[in-house]
Each structure stands twice: as structure tokens, then as C-alpha cells.
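Reader: Could you walk me through the inside of this one, holes and rings included?

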Amino acid sequence: MATRKESGSAPTTVMASTGGTLDSPVKQIQIEGLVVLKIIKHYQEEGQGSEVVQGVLLGLVVEDRLEITNCFPFPQHTEDDADFDEVQYQMEMMRSLRHVNIDHLHVGWYQSTYYGSFVSRALLDSQFSYQHAIEESVVLIYDPIKTAQGSLSLKAYRLTPKLMEICKEKDFTPEGLKKASIGFENMFEEVPIIIKNSHLINALMWELEDKSTVADKHELLNLSSSNHLEKSLQLLMDRVDDMCQDIVKYNTYSRNLSKQQQQKHQYLQRRQQENTQRQSRGEPPLPEEDITKMFKPPQPPPRMDTLLIAGQINNYCQNVKEFTSQNLGKLFMAEALQGNN
């Protein structure tokens, strides 16, 4: 994840609702083709390998449709830029856009990802801040590596209402998550995206398609996939190791809790027997003691991080499944072509 302050900008945004209410969820996202090109260009200019680039999405809400019409990037800065104020930068950018009559209403943010590695606590906290300030806001995830394989990878996500309530209450204990029925499969909800272009842009794209060479078209049939698949499986194994460590921590907590419960039960039994003996001798019972102070329950490990790891593992599995299915189709097609020759 980027080292910038990700959650400090949401409270300063302007509500971008025209025709919709806060109670109406966003069921569809319409994004301008120019915005997609800006996001891709931002990564090509500033993204290097696993470096994450981020930016602000601008637009408006019409009924249950979120229209994203513009965006601008967060500037890359290092720890030496201590005087840089991101909130002030965003306000100046939106003020400048308003002066030239361009949509300036804040509707979310975008972020690039490295082999689908975006399910993290930083993204959760940032999206909660945005969605808490602007109910319709979304986060766009752009995967440049999958896009380089031949298909644009751009997905929009929002936090589910259950997860929003949990984040508001900040109750990430195992009991709280179990009570809310929160699992990795219902933490984020994906919103369908429609890319809209003007008729002039569509005509230009047809013209560029006609001018493209045969080599460029056949590049999508490249059968080499070892590097991409190897890296995806390596990241998947790393997250599985993290999950195993969290499981060990939770098992240790369960054993300690069970051991403490046994000690507490034995102490109460001994105390009851001793009081019975004292009563038979005509002596007063032992004074009452606060059991909770004597047997403090062990601190449960945070379960939200485990859920995020599980969500990331599921995302890696889906990426591997999609990638391998595409390459299997290419292999079958190549086998059929060889059989005809």
C-alpha cells in the first residue's frame, strides 16, 4: 500500500448527489473512457512494479447510477515532503476544476494493484472514511498486469452495510464479527461498471483498429504464462502462510481461555468445599472475592486482519482461475490450429 495518508481527505469532500438520496444504494457505475485512460496513464508514468498509485474520482449521482466523469492523481511524494498537505491539494484541484466548469464533486477514489493485492486494512480504513462521509462513494481497482495480458481489469467495490456498522462500532472481536455474520465473502460488494464513450471517440477507436498491424492483434494469443502464474501462486502461498500464523494465534488463545476456565472452575469448587467445612465447624464462610480480577480473560486476537487475509486469498484464487481458463482456451485453440496444418 502507499505510504500516504489515505483517510484524511474524505471528510473534506463535497456531497455529489443530484437526484438520488443517501438511502438509495449505487447499483451501477458509468465511467467515461477518458477517465479510464487517465488512470492507465497515471500508472504508466508513476507506477513502478509493486508501487501503488492513487487518485480522486469526480462526478455525480443520478438516481441509482454513479457517473464518473473526471479524476486527478495524488502526487507522489516521499517522507522528506513533510510540509505537503494532501487535503489542501485536493481542495485546490477541485476549486480549479470548478472555475473551468468541469465536474468537481467527489465520488470516490481509485488505486492500482499488484497482481490483485489490494484487500488490506489500509484500503478498508480508507474506503470506510470515504463511504462514511459520502454514502455513494466507491473505490476503483485497476490491475495493470492483468490489463497487459489483453483485457482491461477495472473493478469497483464498496463496503457492505454490515461491515460499515462493524467499522462504526469498531467491534472487531470474534464475538462481534460472529454476531454480525461477517465473513470474507460479504465484506466488499462489487458494483458493475459501464464504460461510456462519445460517438467521436468510438469512430476514432474504429479507425485505430483498422490501422493496427497484424502483429499487434496476434500478441494477445501469446501462450507464455509461467511468470504471471508463478508470481500469483507465490503471493498466494505467502498469504496462506499468514493465515496459518493467525490460526496458530487463535488456537493458542482458545487453549489459554479453556485452561483459565478450568482453573476458575477448580478454584470455585475448592472454595465451595472449604466453605462447607467451615460451616460444619460453625465458622463464618470465607469473604467474597472478585473472580474477574483473579482470572483476567486473555486478550482475543483481532479477527478483522484474518478476514482480510482470507479475502485476499480468495481474490488470488479467482485471479489464478481466470488467468488459467484464458490460457487453456489459447492452448486448445493452438492445438486445433496445429492439427489442421
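**Rings and holes**

Author: Let's start with a charge: the charged end of Arg 303 sits over the ring of Tyr 250, 4.2 Å from its centre. For that label, NZ of Lys or CZ of Arg has to be within 6 Å of the ring centre and within 35 degrees of the ring normal. Before we go on, this is a predicted model, where local features need pLDDT of at least 70, side-chain atom pairs count only at pLDDT 80 or more, and totals for chains, interfaces and linings use all residues. Residues are numbered from 1 along each chain as its sequence is written, and side-chain values use heavy atoms, with hydrogens and water left out.

Reader: Why do Tyr 43 and Tyr 142 get the pair type they have?

Author: Rings of Phe, Tyr and Trp (its six-membered ring) pair if their centres lie within 6.5 Å; planes under 30 degrees apart are stacked, over 60 edge-to-face and the rest tilted. The count by this rule is five aromatic pairs. Tyr 43 and Tyr 142 have ring centres 6.3 Å apart and planes at 70 degrees, so the pair is edge-to-face.

Reader: How many residues apart in sequence are the parts that this pair ties together?

Author: Helices (H or I, at least four residues) and strands (E, at least two) are DSSP runs, numbered from the N terminus. Tyr 43 belongs to helix α1 (residues 33-46) and Tyr 142 to strand β5 (residues 138-142), so the parts tied together are apart in sequence by 99 residues.

Reader: Is Tyr 142 buried or exposed?

Author: Buried means under 20% relative accessible area, exposed over 50%, partly exposed in between (1.4 Å probe, protein chains only). Tyr 142 has 4% relative accessibility, so the call is buried.

Reader: What is the volume of the largest cavity?

Author: A cavity is a set of points on a 1 Å grid over the protein atoms alone where a 1.4 Å probe fits but cannot get out; lining residues have an atom within 4 Å of a point. Grid points are joined across faces, edges and corners, and a volume is the space filled by probe spheres set on the points. The structure has three cavities of 30 Å³ or more. For the largest, the volume is about 80 Å³.

Reader: Which elements each supply at least two residues of its lining?

Author: The lining includes Lys 155, Tyr 157, Asn 315 and Asn 319. The elements that each supply at least two residues are β6 (154-159) and α11 (304-340).

Terms used:
1 Å grid on protein atoms, 1.4 Å probe; cavity = no way out; pocket = protein on both sides within 12 Å on 5 of 7 lines; lining within 4 Å.
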